[in-house]
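Dear colleague,

Please find the structure below, followed by an account of what was found in it.

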Amino acid sequence: MNNLHALQQQFTAYVFDHADAEALFADITPNGFSAQQRLNVYRNNTRLGLTEALKANFPVVEKLVGEAFFKGLAAAFIQKYPPATGCLQEYGRDFAHFIANFPPARPLPYLADVARLEWLWQEAYHEADQGKMMLNRLTAIPQTRHADLCLCSHPSVRLLVSSYPIHRIWMLNQDGSDHCETIDLGLGGDKLLVFRPEQDVEVDALTDSDFLWLSLLHSGHTLVSAAEQVYQLDPYFDVSAHLLYWLEAGLFTDFYLRHD
Amino acid sequence: MASALSISTAQASIPATAGIGLRSRHYREILATKPSVGWLEVHSENYLGKGGAPLHWLEQLRMEYPISLHGVSLSLGSTDTLDWGYLDRLKALIERVNPGLVSEHLSWNSSGGRFLNDLAPVPYTDATLSHLVSRINAVQAFLGRRILIENPSSYLEFKQSTYCEYEFLNALARHSGCGILLDLNNVYVSSRNHGWNALDYIQGIAGDCVEELHLAGHTLNQINGRSLWIDTHNRPVCDDVWALLKHALALFGPKPVLIEWDSELPQLAVLTAEAEKASALIGGWHE
């Protein structure tokens, strides 16, 4: 008979890999059902439970492909990327990547990016809380140090670029949206900010210059260096208006002065 | 956190009345209407994030109701190493929420780092017992508190077993000092599936170790013309399980009783009506 370790290895391989489990079958009391029928309850519960978890984390992907396609997609994903955690809100990190390489999803080239957006939404939803920074903290910085000023963005901030109009796709497929329209994929791509100032996650489509500016600040560029690069794209970019707007929105939570 | 002070001073212990499982869809309604349930139980896993809405709502609900933390993925019966990352997060949640009870399952759900998302049974042997006792001891030492262990619903039994399930749970409680969370629906489902006698089970369990009772609904499946009961938590508690509750209360005295409902979630009023029914039975015991 199997010891506990071997038994669990075979059980898990049966559930995820559909592996042969003759030795495990021999350990199970039949009592009216075959060992296989009894084990299949666990295999089905796992598949159904994880499919539900993916559906909860990727509701727009599910809406776009429909229930039947999603079931097949989820089953293939679960087999290749079984969860490495019991916290199911953290399951699906690789879903977008998997979709991008899933041949049956090829007719929907934007699907992987929609999954990417939904994953970032999910991450932002559970990220740490942090209050907004007061503007007067910036005014206290001596002028001689202005060139060294860097801003810390809220922990929930995520930035995403797509070649497809995924913001529109995502918006039209939210619960409660009764809009029905055809989206022209030729409309071009999106540059998105995902961010949770308090409890609600916001998804904003940004202009090219705003996206560049926030990306530079988010990756640790000084305010001055970010401005210089944005001016090359948009000479009329109003740094102070943008700074005030995003400070007010709670996007910046702290600052530091860079040391050379 | 702004609310930390009030949380630490809020009443934490779980009363011997009926509580309900808290699900996100009911957050606002519970806070707005304050239904007269004695306490709330949550799945720990849903509150292990760093922040955001789930913790925000839980901290507000904590002001109104004692909270019990019920874990589903510690995988105590697994031969994988204990998940210390998970335990760190659980400990932080315990410090934040100050729960009256913390519970887990007599089961495993991960092997080789893969998580089954289902509570799988272990063979009830001396080897499994010492494995579980050492893991429960480690967890209780790390968390600095006693935990409760719940009997699972099961769909198979191992030939290796030398204990019946309630004997095994009793031994586990005796050797590790853990309490027992007796899920009466699971007793019912497993008894039906394996031909056990549910009343023998309840009479056999160490009543002085039982700290909490669970009630839930199940589903009857037909496989090739034979019945298999599945623990689905998607419907009202059945009459037979209510009858088991009466037996259990007569044997153990008043205990906290939880109404669990996890899928096909009904209106809050349906849950509170089930809780009132349980409360009436708990109250009836006093008379």
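Domain bounds here come from an automatic or database domain assignment. On that basis chain A is divided into domain 1 (1-108) and domain 2 (127-260). The centres of domain 1 and domain 2 of chain A, taken over C-alpha atoms, are separated by 38 Å.

Some conventions apply throughout. This is a predicted model, in which local features need pLDDT of at least 70 and side-chain atom pairs count only at pLDDT 80 or more, while totals for chains, interfaces and linings use all residues. Residues are numbered from 1 along each chain as its sequence is written, chains are lettered from A and ligands numbered from 1 in the order in which they are written, and side-chain values use heavy atoms, with hydrogens and water left out.

The two chains

Chain A has 12 helices and 5 strands, where helices (H or I, at least four residues) and strands (E, at least two) are DSSP runs numbered from the N terminus. The radius of gyration of chain A is 24 Å, well over the 18 Å that the globule rule gives for 260 residues, so chain A is more spread out than a compact globule. This radius is taken over C-alpha atoms, and the globule rule is 2.2 Å times the number of residues to the power 0.38. Along the principal axes, the C-alpha atoms of chain A fill a box of roughly 80 × 45 × 30 Å.

Chain B comes to 10 helices and 12 strands. The C-alpha trace of chain B spans about 55 × 40 × 40 Å along its principal axes.

The interface

In chain A, 47 residues are in contact with 51 residues of chain B (contact means heavy atoms within 4.5 Å). The area buried between the chains is about 4100 Å², with 56% from carbon and sulfur atoms; buried area is the accessible area (1.4 Å probe) that two parts lose on being put together, summed over both. On the side of chain A, A:Gln8, A:Phe33 and A:Tyr42 lose the most area to chain B, together 16% of what that side buries.

Across this interface the rule finds 3 salt bridges, each a side-chain nitrogen of Lys or Arg within 4 Å of a carboxyl oxygen of Asp or Glu. The count over all chains comes to 19. A salt bridge joins the side chains of A:Glu90 and B:Arg89 (2.4 Å, N to O). A:Glu90 lies in the loop between helix 5 (67-80) and helix 6 (95-100) of chain A, and B:Arg89 in helix 4 (residues 84-97) of chain B, so the pair joins two chains. B:Arg114 and A:Asp17 also meet through their side chains in a salt bridge (2.8 Å, N to O).

With kind regards
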